[in-house]
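Take a moment to turn the model around before you read on.

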Amino acid sequence: MSSQPQGTQRQHWAALNEFSFVAGMRLLFWICRWFGRWPFRLVLYPVLLWYVLTKPLPRRASLDYLQRVKRFVDIQAGIVGVMMHFAAFAETILDKMLLWGGLFKTDTVQYFGIERMNQAINDKQGFVMICSHLGNLELCRVLSLLRSDVRLTVLVHTKHAKAFNQMLASLNPASQINLMQVTEMTPATAMLLATKVEQGEFVVIAGDRVPVSPNPRVAVAEFLGQPAAFPVGPYVLASILQCPIFLLFSMQREKHYEVHFELLRESVRLPRKERDQVLTELVTDFAARLQYHCLRAPYQWFNFFDFWHLPTLETSDARR
């Protein structure tokens, strides 16, 4: 059991500002737009160095995560690795801005598992799609706007990232379309989403962030060598809606983006007696796929907080 980074305990991800250096990305975006990617990087790294030196919480969380990854694959896990981690985050933010600014070449994107997705689209079959903070989700949102037969609703909690969303909105107002602010899943929300799925829409929800509530509903699964808490909401929602669950992973590899669609379950049933067991199995399967893709692109998982600690607990062991 690894020790937790000091200073990160008892802090929920929603209490963390989504990085103050995002505010400087507008200037870096214009540098890239007018002069190219390399001038952008020359200006970026001094900014990153300042950020790493002055922001201990995300620095320690990044270091902790990279040390866990290093048990499985050979990567830089010290301060150099942290710089690479933050640099990947900044490059992804830039790509999001380029996407919404219409400056990103989407024809270089490679798709995997797209056949089953196209079948669902053609059949007008709605489903729940579980994403993560690996890579660039905005890529799929932008591409969905290019197809009239693809409709999606993305459940988000972005009160901690207002500046970033305002920045995207200034580039393209469409960046705020199909976003639904959800702090907790209420019966009214579930009914609204059920209607959307019945109409053939995709409901997209993150599977790697604990809900914003005093007593979050979670299940525990092994992730990068230690038990961690994952939300059960996506799976409960799929059981209510009686629809398939797909997983979505997007990452950059060898100078191009990959988008992976994976079918997790055709349907989900939660019998009363086996409810917890079934939810744990689903979370375990998701955690295994997330770990697989994290090890393929280790610097692109952007959860810069102590993921292995429940904010409401006094211990780092999520099982207690």
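**A walk through the model**

A contact here means heavy atoms within 4.5 Å. Residues 313-320 also stay under 50. Where pLDDT is low, the predicted coordinates should not be read in detail.

This is a predicted model, so local features need pLDDT of at least 70 and side-chain atom pairs count only at pLDDT 80 or more, while totals for chains, interfaces and linings use all residues. Residues are numbered from 1 along each chain as its sequence is written, and side-chain values use heavy atoms, with hydrogens and water left out.

The chain averages a pLDDT of 78, and 75% of the residues score at least 70. It has ten helices and nine strands, which are DSSP runs numbered from the N terminus (helices: H or I, at least four residues; strands: E, at least two). Confidence is lowest in helix α7 (residues 162-171), with a mean of 55, and highest in helix α10 (residues 275-296), at 96.

Now look inside. Of the 320 residues in the chain, 54% are buried, meaning under 20% relative accessible area with a 1.4 Å probe and protein chains only. The largest nonpolar core has 91 residues, and F223, F230, Y235, L290 and W301 have the most contacts inside it. Helix α4 (residues 79-100) gives the most to this core, with twelve residues. Such a core is a set of buried Ala, Val, Leu, Ile, Met, Phe, Trp, Tyr and Cys residues joined through side-chain atoms within 4.5 Å. L290 touches, among others, F223, F230 and W301, not counting residues up to four places away in sequence.

Which strand holds M129? M129 is found in strand β2 (residues 127-131), and it counts as buried because its relative accessibility is 4%. The residues M129 touches include M117, V203 and F261, not counting residues up to four places away in sequence. The C-alpha atoms of M129 and P234 are 8.3 Å apart, although 105 residues separate them along the chain.

Finally, find the second largest pocket, which is lined by 27 residues; R37, R41, E91, Q252 and K255 lie nearest its centre. On a 1 Å grid over the protein atoms alone, a pocket is an open set of points where a 1.4 Å probe fits, with protein on both sides within 12 Å along at least five of seven lines; lining residues have an atom within 4 Å of a point. Helix α4 gives the most to this lining, with seven residues.

Key:
pLDDT is the predictor's confidence in each residue, from 0 to 100. Buried means under 20% relative accessible area, exposed over 50%, partly exposed in between (1.4 Å probe, protein chains only).
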